[in-house]
Amino acid sequence: MPADLNNDSTPSRPTLGSLLLKSQRRTFLGVDKQKAIRFFFASNSSAAVIVLVLIMLFLLREGVDFLPTYRHELETYQHAGLEFCDLVEQPLAEHQQLCSKLRRVLSASLNTITYQARSRRDAAYQQMRDVEEETRLQRAVLTNALAEVPPAALEKLAQLRQELLTATQLAVSRLAVPPSLTPSEGWQLKRDLALLSPESAEPPLVLELLSAAYIRVDTEAHASFKPLVEAVEAFEAAPDELHTLLNTLKKHARETKALVTDFHSSGKGHGRKDPIDFASRITPLTSRIPELSGRIEAYAQRAQTAAASLPPQAGTPQATKMLSEMRAMLPGHLTEMRAAAGKLPQWSYEKRVSYFKVVLAFFFGDAWITNSSWQDFFGFIPLLVGSVLIAVLAVLIATPLSIIAAIYTNQFASVREQDFIKPVIEFIQAIPSVVLGFIGISVLGDVIKDVSHVSWLQWLPGFPIQERLNMFNAACLLALMAVPTMFSLAEDALNNVPRAYIDASDALGATKLQTVFRVIVPSARSGISAAVLLGLGRVIGETMVVLLVAGNRIAIPDFRSGLGVVFQPAHTLTGIIAQELGEVSRGSAHWQALFMVGIVLFVISLLVNWCARAFVRRFELSKS
Amino acid sequence: MTPNPTAVGNPFAGAKNQQERRERITRWLLRLVTFFIVAVTLGILALIAIKGSPVVFRSQWPFVNTKFLTELPSTLHVIEDVKGNKQEVEVGHADEVKAGLGDNFHSETTISYSGGGILGPIVGTALLVLVSISVALFLGVSCAIYLSEYAKHGKFLELVRLAILNLAGVPSVVFGLFGLGAFVLTAPVFTHMPMDRSILIIPLGFTTLSFEGWDTCVLSGGFTLAFVILPVIITASEQCLQAVPQGFRETSMALGATRWQTIRYSVLPFAMPGILTSSILGIARAAGETAPIMFTAALAFKDKLPWQKALPPLPADASIFAHWEQSVSRLLGVFTESVQALPYHIYTIAAKIPQNEYSERAQYGSVFVFLVLVATLAATSIWLRRRLRAKYRW
């Protein structure tokens with residue numbers, strides 16, 4: 001019996017009293033077996049705490065050096081004069097946008113005249129390509145035979161030619177003449193195409209005629225839109241001289257930057273070089289400020305003149321609208337250019353880059369540019385905007401769905417329905433996210449795109465959409481992923497509503513629906529909010545779906561398109577880590593920047609959790 | 001629940017009818033939304049089953065595409081002859097087939113990762129799951145035992161609970177970063193030649209303990225995954241322990257058993273089946289995660305199984321002991337190899353190669369197999385839990 005009481009007690013002089021009252025225990029450093037076991041479990045239970053601390057530590061260890069590294073990079077950017085060039089280069093980038101708008105205006109205008117001729121020509125060429133595609137095997141054989149050295153036997157060639165001819169004729173006979181061509185043209189086309197062979201260098205006669213007709217019409221169109229054409233060309237050519245000068249300066253700055261990199265890499269070896277004299281390296285840039293300002297002014301003048309010579313009306317209403325948009329954008333752009341010219345003399349290469357500025361550049365930077373030959377930037381905003389937009393959209397989709405499902409399942413569904421609905425919704429949790437991402441790529445993307453091209457849905461903002469992979473697509477899938485979390489938490493919250501509330505409501509003669517929507521749901525409100533928040537936490541941290549489906553374009557979405565913004569591709573915090581970390585070397589600024597993103601994600605997840613807990617606590621208080 | 005108003009001659013009967021109609025409509029709307037979710041889920045599963053099963057199953061005996069399940073992924077060569085017939089050829093035989101076609105050869109397309117089968121990824125995922133579930137069960141169950149059997153209310157308990165809750169919310173890609181920093185680049189190894197990146201080197205005489213990391217391998221990935229699923233395991237285990245009636249413990253204690261004896265003989269045996277079934281759900285989760293293993297264990301392509309590593313050949317007269325030692329090192333070496341994993345394989349073939357009919361086949365096949373594995377695990381867990389609930393009802 002005593003041995004069973006305590007396995008390892010070995011009483012030296014067993015007396016009845018000692019056995020019953022105090023069993024002697026073998027101890028080591030004052031710790032007996034029971035304490036040791038207890039200590040073992042306690043230490044294991046602190047694993048969660050330790051892991052959480054370790055996560056923070058390791059993220060910080062790899063990421064914290066980001067600030068000095070990035071500061072150094074920004075300093076080099078400044079000292080070498082790259083920033084100087086960017087002062088002019090960045091506002092000048094808008095010229096490209098204006099040009100592309102003008103080009104679209106021009107092509108739309110020309111199109112009003114040339115449309116028919118071009119579509120006729122294109123239709124005919126398409127026919128030729130169709131025939132060529134159908135007979136490609138025979139053509140390939142014949143071409144090979146012709147190219148053979150020594151040349152193939154004549155009989156064989158003839159036979160091959162015959163085969164090709166037969167195949168071509170078969171293909172031609174299947175052709176349907178496009179309606180834009182006249183019957184006689186169609187007949188000629190068929191006749192010419194039937195003789196198509198790889199040896200004839202020139203395209204069939206009909207096609208050449210159609211091309212010539214198109215060129216003629218095109219010239220006419222250019223003549224009739226002469227003012228527009230000339231203005232567009234003048235506008236496009238306006239910054240040429242500025243670009244030439246800027247490119248010289250950029251080349252110089254890039255050379256200085258290469259020197260800096262070289263200097264720092266040689267610093268690790270033995271032969272340390274002399275530090276770079278930035279002052280003398282920068283003079284070639286600063287000495288040309290007057291010239292640069294002059295060219296900026298010249299550019300502004302020229303652009304203004306060109307814009308003034310634009311005709312008030314373009315070929316189509318849309319084109320006219322775009323033209324006026326462009327006109328509205330131009331003054332702002334020119335002001336910016338002139339302001340840049342004004343900033344040039346004040347610019348100094350030796351201004352200190354403070355850590356505050358580095359932190360600002362990371363958290364509020366609007367560009368994430370890596371592997372650039374010019375300068376890498378690690379701005380956080382494009383990724384954050386992508387992540388937040390997708391997450392919010394996903395929660396907006398998932399919340400009504402999952403809460404309604406929870407209400408229905410909890411309050412209205414029969415037991416058999418519940419037994420069917422609950423396992424299915426719980427099963428969504430088991431579907432791996434990469435599978436959902438795959439569904440987004442292979443199915444949902446095409447479905448959304450097809451739907452957006454349905455003609456009676458064109459009133460929706462952003463329709464028709466261009467990109468298969470976009471934020472909306474990702475948000476739909478993430479919503480599906482968030483549904484089980486929200487559903488079960490919301491259902492718990494509904495379950496926790498005290499029975500007395502329901503009975504009281506029933507006793508007052510309320511219908512089922514009234515009880516549900518005026519008593520049960522309001523009392524479960526904070527639990528439901530916590531469910532929504534935890535769903536948000538799950539969605540914002542999700543990686544594979546956004547990596548596969550969100551489109552991975554690193555740019556701040558264009559909010560000018562209103563709600564249609566959700567149909568643009570974007571990149572996310574989680575996606576960027578998954579995509580880029582595998583390709584960067586340890587310790588580089590890029591690597592550290594990705595760990596910084598990780599730190600931010602970690603902090604966001606803690607915050608979301610904290611908020612959700614606060615809600616739950618309120619919910620528990622209100623219950624008691 | 002509401003008494004029929006017309007029966008008592010309620011003057012508002014007409015209004016009530018309208019209300020009833022509105023109520024019925026609302027109810028139907030709610031039902032519609034609920035079943036919309038269900039339909040979407042079932043639709044996705046059906047789609048994968050319809051497109052994936054032709055890849056995995058065959059209409060003739062043995063009814064299963066054994067090649068797909070027993071071969072490693074490889075590059076698929078599609079060779080077209082002048083007649084337009086297409087032939088799918090494995091990577092080694094492409095030149096043979098081309099030579100055989102001679103003049104009739106027309107064109108060749110290669111599609112990465114889409115040939116062969118998916119044995120490599122399946123084995124890799126199995127190994128990762130094995131490591132992660134061992135680590136997570138050990139830590140998780142002991143943590144749950146402490147929380148449920150030993151801990152008293154206090155600061156420490158609060159802290160642990162808070163940590164578990166927060167750990168559950170950490171994004172999986174952050175776990176990946178953690179695994180990369182901690183296990184791949186820092187974890188301790190015994191080695192004779194410490195690397196430059198080692199942060200701490202402890203000489204032990206016969207060898208040195210160097211904190212230089214395990215590199216990308218099954219161990220790193222498995223440990224990372226273990227911490228991803230740790231909160232799930234802890235919560236589930238704690239629930240199972242709590243479900244054991246308090247009377248069991250009291251009876252045991254009253255008979256004079258120590259705390260540990262109580263746990264060992266009166267609590268754990270009854271909680272263990274529940275813990276194991278719940279941990280199956282953890283396995284499903286671990287198998288499905290991609291982001292944590294991206295930088296810690298997974299490779300896009302590997303032409304060998306983990307145990308097929310080339311070891312130096314033994315001399316012909318090697319003792320049986322040498323053979324034995326080599327087998328053991330081969331077996332243990334499995335865990336220090338990087339592997340392919342199913343989710344990462346799906347990511348690779350879905351995102352990194354151009355899409356065509358051949359890659360689509362590989363995609364749906366892999367996704368189908370993956371989903372069947374995960375769903376089987378999840379369904380087993382749910383089914384076992386139901387049976388257990390019915391069995392242990394106290």
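These legends describe close-up views of a predicted model. Residues are numbered from 1 along each chain as its sequence is written, and chains are lettered from A and ligands numbered from 1 in the order in which they are written. In this predicted model, local features need pLDDT of at least 70 and side-chain atom pairs count only at pLDDT 80 or more, while totals for chains, interfaces and linings use all residues.

View 1. Helices are DSSP runs of H or I with at least four residues, strands are runs of E with at least two, and both are numbered from the N terminus. H8(A) covers residues 154-174, which is 21 residues. From first C-alpha to last, H8(A) reaches 30 Å, close to the 30 Å expected at 1.5 Å a residue. (Contact means C-beta atoms, placed from the backbone, within 7 Å.)

**View 2. Helix H25 of chain A, largely enclosed.** H25(A) spans residues 573-580. Six of its eight residues are buried, so the rest of the structure largely encloses H25(A). The buried residues include A:Leu573, A:Gly575 and A:Ile577.

**View 3. An open sheet of three strands in chain B.** The order is S2-S1-S3, with antiparallel pairing. S2 (86-89) and S3 (105-116) are the edge strands, each pairing on one side only. The twist averages 20 degrees from one strand to the next. (Axes are lines fitted to C-alpha atoms, for helices over the stretch in contact; angles run from 0 to 180 degrees between N-to-C directions.) Four bridges join S1(B), residues 73-81, to S2(B). Here B:Glu80 has B:Lys86 as its bridge partner. (Strands pair if DSSP finds at least two bridges between them.)

**View 4. Strands S4, S5 and S6 of chain B.** S4(B), residues 188-191, runs antiparallel to S6(B), residues 208-211, and four bridges join them. S5(B), residues 201-203, pairs with S6(B) in the antiparallel sense over three bridges. B:Thr191 has B:Thr208 as its bridge partner, and B:Pro203 also stands opposite B:Thr208. S5(B) and S6(B) form a hairpin with four residues between them. In the turn, B:Gly205 has a positive phi of about 90 degrees.

**View 5. The contact between chains A and B.** Chain B brings 69 residues and chain A brings 72. Helix H1(B), residues 13-56, gives the most to the chain B side, with 15 residues.

View 6. Most residues other than glycine have a negative phi. A:Asn552 sits in the loop between H24 (544-549) and H25 of chain A. B:Asp215 lies in the loop between S6 and H7 (218-243) of chain B.

How values were computed:
Expected span 1.5 Å × (residues − 1). Buried ≥ 20, exposed ≤ 12 C-beta atoms within 10 Å, placed from the backbone. Contact = placed C-beta atoms within 7 Å.
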